[in-house]
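Visitor: I am new to this structure. Can you show me how to read it, feature by feature?

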Amino acid sequence: MGLRLALSIGYWGMGNDAGRQLALAREAERLGYDSVWAAEAYGSDAATVLAWLAGQTSTIGLGSAVFQMPARSAAMTAMTAATLDGLSGGRFRLGLGVSGPQVAEGWHGQRYARPLDRTRDYVAVVRMALARELVAYRGDTIELPLPSSQGKALKLTVAPVQRPLPVYLAAIGPRNVALAGEIADGWLGFMFSPAHAGEIHGALARGAAVAGRGLDGFDVAATVQVRIDDDLDAARDAMRPMVALYVGGMGSRERNFYNDLVRRYGFEEAAATVQEHYLEGRRDRAAAALPPELIDALTLCGPAGRVRERLDAYREAGVTTLIAGPVARTVEDAVDQLRLLAELAI
(Lines give C-alpha, C1' and ligand atoms only; values in the text may rest on other atoms or scores of the structure.)
Protein backbone atom coordinates (compact mmCIF):
# COMPACT_ATOMS: atom_id res chain seq x y z
CA MET A 1 0.00 0.00 0.00
CA GLY A 2 1.51 3.32 -1.07
CA LEU A 3 1.26 6.72 0.58
CA ARG A 4 -2.08 8.41 -0.05
CA LEU A 5 -2.49 12.13 0.45
CA ALA A 6 -5.47 13.43 2.40
CA LEU A 7 -6.54 16.82 3.74
CA SER A 8 -7.25 17.97 7.27
CA ILE A 9 -9.70 20.89 7.40
CA GLY A 10 -9.86 21.09 11.21
CA TYR A 11 -12.68 23.06 12.79
CA TRP A 12 -13.81 26.67 12.63
CA GLY A 13 -11.69 29.32 14.29
CA MET A 14 -8.36 31.12 13.91
CA GLY A 15 -9.23 32.14 10.36
CA ASN A 16 -10.74 28.79 9.42
CA ASP A 17 -14.38 28.83 8.36
CA ALA A 18 -16.86 27.02 6.14
CA GLY A 19 -15.80 28.86 3.00
CA ARG A 20 -12.15 27.95 3.50
CA GLN A 21 -13.02 24.32 4.26
CA LEU A 22 -15.08 24.00 1.09
CA ALA A 23 -12.47 25.65 -1.13
CA LEU A 24 -9.74 23.37 0.16
CA ALA A 25 -11.89 20.24 -0.07
CA ARG A 26 -12.77 20.99 -3.68
CA GLU A 27 -9.14 21.65 -4.57
CA ALA A 28 -8.03 18.46 -2.82
CA GLU A 29 -10.63 16.53 -4.81
CA ARG A 30 -9.41 18.10 -8.06
CA LEU A 31 -5.83 17.19 -7.20
CA GLY A 32 -6.75 13.56 -6.52
CA TYR A 33 -6.37 13.58 -2.73
CA ASP A 34 -7.84 10.45 -1.18
CA SER A 35 -9.98 12.02 1.53
CA VAL A 36 -10.80 15.10 3.60
CA TRP A 37 -11.12 14.96 7.40
CA ALA A 38 -13.08 17.32 9.67
CA ALA A 39 -12.48 17.77 13.39
CA GLU A 40 -14.42 19.05 16.39
CA ALA A 41 -13.58 20.39 19.84
CA TYR A 42 -16.23 22.57 21.46
CA GLY A 43 -17.21 24.75 18.52
CA SER A 44 -18.16 23.59 15.05
CA ASP A 45 -19.06 19.91 14.92
CA ALA A 46 -17.63 17.50 12.38
CA ALA A 47 -20.87 15.80 11.30
CA THR A 48 -22.59 18.94 10.01
CA VAL A 49 -19.51 20.06 8.10
CA LEU A 50 -19.09 16.62 6.51
CA ALA A 51 -22.76 16.49 5.49
CA TRP A 52 -22.37 19.92 3.87
CA LEU A 53 -19.24 18.80 2.02
CA ALA A 54 -20.92 15.57 0.92
CA GLY A 55 -23.39 17.65 -1.08
CA GLN A 56 -20.68 19.73 -2.76
CA THR A 57 -18.10 17.09 -3.66
CA SER A 58 -18.43 13.89 -5.65
CA THR A 59 -15.42 11.58 -5.33
CA ILE A 60 -13.24 12.46 -2.34
CA GLY A 61 -13.57 10.41 0.84
CA LEU A 62 -15.02 12.14 3.91
CA GLY A 63 -13.72 11.35 7.38
CA SER A 64 -14.35 12.41 10.96
CA ALA A 65 -11.13 13.11 12.82
CA VAL A 66 -12.71 12.69 15.17
CA PHE A 67 -16.23 12.29 16.48
CA GLN A 68 -15.89 12.67 20.24
CA MET A 69 -17.31 9.60 21.95
CA PRO A 70 -18.45 11.51 25.07
CA ALA A 71 -20.55 13.76 22.83
CA ARG A 72 -22.77 11.07 21.32
CA SER A 73 -24.21 7.75 22.34
CA ALA A 74 -22.86 4.84 20.31
CA ALA A 75 -26.29 4.43 18.70
CA MET A 76 -26.37 8.09 17.69
CA THR A 77 -22.93 7.76 16.14
CA ALA A 78 -24.13 4.77 14.11
CA MET A 79 -27.16 6.79 12.93
CA THR A 80 -24.93 9.70 11.91
CA ALA A 81 -22.40 7.45 10.19
CA ALA A 82 -25.07 5.65 8.18
CA THR A 83 -26.65 8.96 7.20
CA LEU A 84 -23.35 10.50 6.10
CA ASP A 85 -22.46 7.37 4.17
CA GLY A 86 -25.79 7.54 2.36
CA LEU A 87 -25.52 11.25 1.62
CA SER A 88 -22.02 10.81 0.20
CA GLY A 89 -22.70 7.67 -1.79
CA GLY A 90 -20.44 5.51 0.37
CA ARG A 91 -17.53 7.88 0.96
CA PHE A 92 -17.58 8.19 4.75
CA ARG A 93 -14.89 6.97 7.17
CA LEU A 94 -15.78 6.98 10.86
CA GLY A 95 -12.98 8.29 13.05
CA LEU A 96 -13.59 8.07 16.81
CA GLY A 97 -11.75 9.35 19.86
CA VAL A 98 -12.35 9.46 23.60
CA SER A 99 -11.30 13.14 23.81
CA GLY A 100 -9.79 14.16 27.16
CA PRO A 101 -10.92 14.92 30.71
CA GLN A 102 -11.31 18.67 30.23
CA VAL A 103 -13.71 18.35 27.29
CA ALA A 104 -15.43 15.11 28.35
CA GLU A 105 -16.13 16.27 31.90
CA GLY A 106 -16.23 20.03 31.43
CA TRP A 107 -18.21 20.25 28.22
CA HIS A 108 -20.13 17.00 27.75
CA GLY A 109 -20.69 16.14 31.41
CA GLN A 110 -19.31 12.63 30.96
CA ARG A 111 -16.83 11.12 33.39
CA TYR A 112 -13.47 10.41 31.80
CA ALA A 113 -12.90 6.95 33.18
CA ARG A 114 -11.95 3.55 31.82
CA PRO A 115 -11.26 4.90 28.32
CA LEU A 116 -10.15 1.53 26.94
CA ASP A 117 -13.26 -0.26 28.16
CA ARG A 118 -15.47 2.55 26.95
CA THR A 119 -13.89 2.50 23.51
CA ARG A 120 -14.22 -1.26 23.19
CA ASP A 121 -17.91 -1.21 24.14
CA TYR A 122 -18.64 1.86 22.05
CA VAL A 123 -17.13 0.41 18.87
CA ALA A 124 -18.89 -2.91 19.43
CA VAL A 125 -22.28 -1.20 19.64
CA VAL A 126 -21.55 1.01 16.62
CA ARG A 127 -20.59 -2.02 14.55
CA MET A 128 -23.68 -3.96 15.66
CA ALA A 129 -25.92 -1.06 14.71
CA LEU A 130 -24.25 -0.45 11.34
CA ALA A 131 -24.59 -4.17 10.56
CA ARG A 132 -28.33 -3.69 11.24
CA GLU A 133 -28.39 -6.27 13.99
CA LEU A 134 -30.76 -6.00 16.95
CA VAL A 135 -28.66 -4.03 19.41
CA ALA A 136 -28.66 -6.04 22.59
CA TYR A 137 -25.34 -5.57 24.30
CA ARG A 138 -23.96 -6.04 27.79
CA GLY A 139 -20.47 -4.66 28.30
CA ASP A 140 -18.44 -3.13 31.09
CA THR A 141 -19.57 0.43 30.32
CA ILE A 142 -22.62 0.08 28.04
CA GLU A 143 -25.73 -2.03 28.54
CA LEU A 144 -28.50 -1.96 25.97
CA PRO A 145 -31.40 -2.08 26.47
CA LEU A 146 -31.16 -0.61 29.93
CA PRO A 147 -31.93 -3.23 32.59
CA SER A 148 -35.16 -2.88 34.56
CA SER A 149 -36.56 -0.49 31.98
CA GLN A 150 -39.14 -0.31 29.22
CA GLY A 151 -36.38 -0.29 26.64
CA LYS A 152 -36.28 -2.89 23.87
CA ALA A 153 -33.56 -3.97 21.48
CA LEU A 154 -33.86 -2.01 18.25
CA LYS A 155 -32.39 -2.24 14.77
CA LEU A 156 -31.09 0.67 12.68
CA THR A 157 -33.78 1.44 10.10
CA VAL A 158 -31.35 2.63 7.39
CA ALA A 159 -28.31 0.88 6.01
CA PRO A 160 -24.94 2.46 5.21
CA VAL A 161 -23.74 2.10 1.64
CA GLN A 162 -20.48 0.50 2.79
CA ARG A 163 -20.79 -2.89 4.44
CA PRO A 164 -18.78 -2.77 6.59
CA LEU A 165 -18.19 0.94 7.05
CA PRO A 166 -14.54 1.60 8.03
CA VAL A 167 -13.89 2.59 11.64
CA TYR A 168 -10.73 4.43 12.72
CA LEU A 169 -9.50 5.08 16.24
CA ALA A 170 -7.49 8.13 17.28
CA ALA A 171 -5.01 6.89 19.85
CA ILE A 172 -1.77 8.08 21.46
CA GLY A 173 -0.86 5.80 24.35
CA PRO A 174 0.49 2.29 23.64
CA ARG A 175 -2.58 0.50 25.02
CA ASN A 176 -4.96 2.67 23.01
CA VAL A 177 -2.92 2.11 19.85
CA ALA A 178 -2.99 -1.64 20.50
CA LEU A 179 -6.77 -1.45 20.83
CA ALA A 180 -6.94 0.19 17.40
CA GLY A 181 -5.00 -2.75 16.01
CA GLU A 182 -7.45 -5.12 17.65
CA ILE A 183 -10.85 -3.62 16.81
CA ALA A 184 -10.47 -0.89 14.15
CA ASP A 185 -9.83 -0.63 10.42
CA GLY A 186 -7.38 2.23 10.78
CA TRP A 187 -5.37 4.30 13.23
CA LEU A 188 -5.52 8.10 13.32
CA GLY A 189 -2.25 9.56 14.59
CA PHE A 190 -1.40 13.14 15.48
CA MET A 191 2.07 14.48 16.27
CA PHE A 192 3.44 11.28 14.78
CA SER A 193 7.21 10.98 14.51
CA PRO A 194 8.46 8.66 11.74
CA ALA A 195 11.56 7.98 13.83
CA HIS A 196 9.32 6.32 16.45
CA ALA A 197 7.14 4.38 14.02
CA GLY A 198 8.35 1.08 15.40
CA GLU A 199 6.52 1.72 18.66
CA ILE A 200 3.25 2.34 16.80
CA HIS A 201 3.56 -0.70 14.57
CA GLY A 202 4.53 -2.86 17.52
CA ALA A 203 1.44 -1.81 19.46
CA LEU A 204 -0.83 -2.28 16.43
CA ALA A 205 0.60 -5.75 15.86
CA ARG A 206 0.03 -6.72 19.50
CA GLY A 207 -3.59 -5.67 19.24
CA ALA A 208 -4.10 -7.46 15.95
CA ALA A 209 -2.65 -10.64 17.47
CA VAL A 210 -5.23 -10.50 20.25
CA ALA A 211 -7.95 -10.47 17.60
CA GLY A 212 -6.23 -13.23 15.66
CA ARG A 213 -5.89 -11.18 12.52
CA GLY A 214 -3.24 -9.53 10.37
CA LEU A 215 -2.89 -5.89 9.44
CA ASP A 216 -3.14 -6.21 5.66
CA GLY A 217 -5.26 -3.31 4.48
CA PHE A 218 -5.10 -1.58 7.87
CA ASP A 219 -4.79 2.17 7.33
CA VAL A 220 -2.05 3.98 9.27
CA ALA A 221 -3.20 7.58 8.90
CA ALA A 222 -1.05 10.37 10.31
CA THR A 223 -2.20 13.99 10.49
CA VAL A 224 0.72 16.34 9.79
CA GLN A 225 1.08 20.11 9.60
CA VAL A 226 2.58 21.22 6.31
CA ARG A 227 4.40 24.41 5.31
CA ILE A 228 6.53 24.31 2.16
CA ASP A 229 8.80 27.37 2.09
CA ASP A 230 12.32 28.07 0.87
CA ASP A 231 12.95 29.79 4.21
CA LEU A 232 13.31 26.91 6.68
CA ASP A 233 13.23 29.13 9.76
CA ALA A 234 10.04 30.84 8.55
CA ALA A 235 8.45 27.46 7.89
CA ARG A 236 9.36 26.26 11.38
CA ASP A 237 8.01 29.45 12.93
CA ALA A 238 4.68 28.89 11.14
CA MET A 239 4.42 25.56 12.95
CA ARG A 240 5.12 26.90 16.43
CA PRO A 241 1.66 28.14 17.54
CA MET A 242 -0.15 24.86 16.90
CA VAL A 243 2.61 22.63 18.26
CA ALA A 244 2.85 24.81 21.38
CA LEU A 245 -0.93 24.63 21.84
CA TYR A 246 -0.92 20.84 21.91
CA VAL A 247 2.31 20.30 23.83
CA GLY A 248 1.61 23.08 26.30
CA GLY A 249 -2.09 23.72 26.54
CA MET A 250 -4.14 20.77 25.30
CA GLY A 251 -4.98 19.43 28.73
CA SER A 252 -4.09 20.13 32.31
CA ARG A 253 -0.73 20.07 34.02
CA GLU A 254 -1.62 16.63 35.37
CA ARG A 255 -2.87 15.14 32.10
CA ASN A 256 -1.80 16.22 28.64
CA PHE A 257 -1.48 13.26 26.28
CA TYR A 258 0.52 15.24 23.72
CA ASN A 259 2.97 16.49 26.31
CA ASP A 260 3.45 12.89 27.45
CA LEU A 261 4.02 11.84 23.84
CA VAL A 262 6.72 14.45 23.27
CA ARG A 263 8.42 13.31 26.47
CA ARG A 264 8.45 9.74 25.13
CA TYR A 265 10.14 11.09 22.01
CA GLY A 266 12.99 12.28 24.22
CA PHE A 267 12.10 15.97 24.60
CA GLU A 268 11.38 15.94 28.34
CA GLU A 269 12.93 19.31 29.14
CA ALA A 270 11.29 21.08 26.23
CA ALA A 271 7.91 19.54 27.06
CA ALA A 272 8.12 20.81 30.63
CA THR A 273 9.23 24.31 29.60
CA VAL A 274 6.60 24.71 26.89
CA GLN A 275 3.84 23.54 29.21
CA GLU A 276 4.95 25.85 32.02
CA HIS A 277 4.95 28.90 29.74
CA TYR A 278 1.65 27.99 28.09
CA LEU A 279 -0.31 27.34 31.25
CA GLU A 280 0.98 30.60 32.73
CA GLY A 281 -0.35 32.51 29.72
CA ARG A 282 3.03 33.08 28.05
CA ARG A 283 2.09 31.58 24.71
CA ASP A 284 4.72 33.37 22.66
CA ARG A 285 7.44 32.13 24.98
CA ALA A 286 5.97 28.65 24.84
CA ALA A 287 6.16 28.67 21.05
CA ALA A 288 9.69 30.07 21.09
CA ALA A 289 10.81 27.32 23.48
CA LEU A 290 10.11 24.56 20.95
CA PRO A 291 13.43 23.15 19.70
CA PRO A 292 13.84 23.05 15.91
CA GLU A 293 14.50 19.32 16.18
CA LEU A 294 11.08 18.75 17.74
CA ILE A 295 9.30 20.79 15.08
CA ASP A 296 11.15 18.86 12.38
CA ALA A 297 10.18 15.55 13.99
CA LEU A 298 6.47 16.35 14.05
CA THR A 299 5.82 18.36 10.87
CA LEU A 300 6.56 18.71 7.17
CA CYS A 301 8.21 22.07 6.77
CA GLY A 302 10.90 23.82 4.79
CA PRO A 303 12.15 23.82 1.19
CA ALA A 304 10.62 21.47 -1.37
CA GLY A 305 13.59 19.09 -1.48
CA ARG A 306 13.58 18.73 2.27
CA VAL A 307 9.84 18.03 2.34
CA ARG A 308 10.22 15.43 -0.39
CA GLU A 309 12.81 13.62 1.74
CA ARG A 310 10.51 13.76 4.74
CA LEU A 311 7.68 12.28 2.68
CA ASP A 312 9.96 9.35 1.96
CA ALA A 313 10.52 9.01 5.71
CA TYR A 314 6.75 8.74 6.26
CA ARG A 315 6.53 6.08 3.57
CA GLU A 316 9.37 4.12 5.13
CA ALA A 317 7.65 4.50 8.52
CA GLY A 318 4.64 2.61 7.18
CA VAL A 319 2.23 5.53 6.96
CA THR A 320 -0.42 4.71 4.36
CA THR A 321 -2.46 7.93 4.52
CA LEU A 322 -0.84 11.30 5.20
CA ILE A 323 -3.52 13.77 6.29
CA ALA A 324 -2.01 17.17 5.53
CA GLY A 325 -2.98 20.31 7.38
CA PRO A 326 -1.66 23.22 5.30
CA VAL A 327 -0.46 26.10 7.47
CA ALA A 328 -1.34 29.29 5.59
CA ARG A 329 -2.93 32.65 6.30
CA THR A 330 -5.10 32.80 3.18
CA VAL A 331 -7.16 30.30 1.20
CA GLU A 332 -5.05 31.00 -1.87
CA ASP A 333 -1.87 30.22 0.03
CA ALA A 334 -3.35 27.03 1.45
CA VAL A 335 -4.39 25.92 -2.04
CA ASP A 336 -0.83 26.52 -3.23
CA GLN A 337 0.44 24.36 -0.37
CA LEU A 338 -1.86 21.52 -1.40
CA ARG A 339 -0.66 21.75 -5.00
CA LEU A 340 3.00 21.80 -4.02
CA LEU A 341 2.54 18.82 -1.72
CA ALA A 342 0.79 16.84 -4.47
CA GLU A 343 3.72 17.50 -6.81
CA LEU A 344 6.30 16.45 -4.21
CA ALA A 345 4.44 13.26 -3.31
CA ILE A 346 4.59 11.82 -6.83
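**A strand residue and its neighbours**

Guide: Start with Gly95, which lies in strand 5, residues 92–97. Keep in mind that this is a predicted model.

Visitor: Is Gly95 buried or exposed?

Guide: Buried means under 20% relative accessible area. Gly95 has 0% relative accessibility, so it counts as buried.

Visitor: Which residues does Gly95 touch, leaving out those up to four places away in sequence?

Guide: Gly95 touches Ser64, Val66, Phe67, Tyr168 and Leu188.

Visitor: How far apart are Gly95 and Leu179 in sequence and in space?

Guide: They are 84 residues apart in sequence. From C-alpha to C-alpha, the distance is 14 Å.

**Peptide bonds**

Visitor: What should I look for in the backbone?

Guide: Most peptide bonds are trans, and most residues other than glycine have a negative phi. Look for the exceptions.

Visitor: Which residues does a cis peptide bond join?

Guide: Val66 sits in the loop between strand 3 (61–64) and strand 4 (67–68). Val66 is also one of the residues that Gly95 touches. Another cis bond joins Arg163 and Pro164, again with omega about 5°. Pro164 is in the loop between strand 7 (143–144) and strand 8 (167–170).

**Positive phi**

Visitor: Where is Met14, and what is its phi?

Guide: Met14 is in the loop between strand 1 (4–10) and helix 1 (18–31). Its phi is positive, about 55°, although Met14 is not a glycine. Exposed means over 50% relative accessible area. Met14 has 75%, so it is exposed.

Visitor: And is Met191 buried or exposed?

Guide: Met191 has 5% relative accessibility, so it counts as buried. Its phi is also positive, near 60°. Met191 lies in the loop between strand 9 (186–190) and helix 7 (197–211).

**A helix**

Visitor: Which residues of helix 3 are buried?

Guide: First, the general idea. An α-helix has 3.6 residues a turn, so residues three or four places apart point the same way. In helix 3, the buried residues are Ala74, Thr77, Ala78, Thr80, Ala81, Ala82, Leu84 and Asp85. They pack against helix 2 (46–54), strand 4, strand 5 and helix 5 (115–130).

Visitor: What follows helix 3?

Guide: Gly89 does, with a positive phi near 70°.

Notes:
Residues are numbered from 1 along each chain as its sequence is written. This is a predicted model: local features need pLDDT of at least 70, side-chain atom pairs count only at pLDDT 80 or more; totals for chains, interfaces and linings use all residues. Side-chain values use heavy atoms; hydrogens and water are left out. Helices (H or I, at least four residues) and strands (E, at least two) are DSSP runs, numbered from the N terminus. Buried means under 20% relative accessible area, exposed over 50%, partly exposed in between (1.4 Å probe, protein chains only). Contact means heavy atoms within 4.5 Å.
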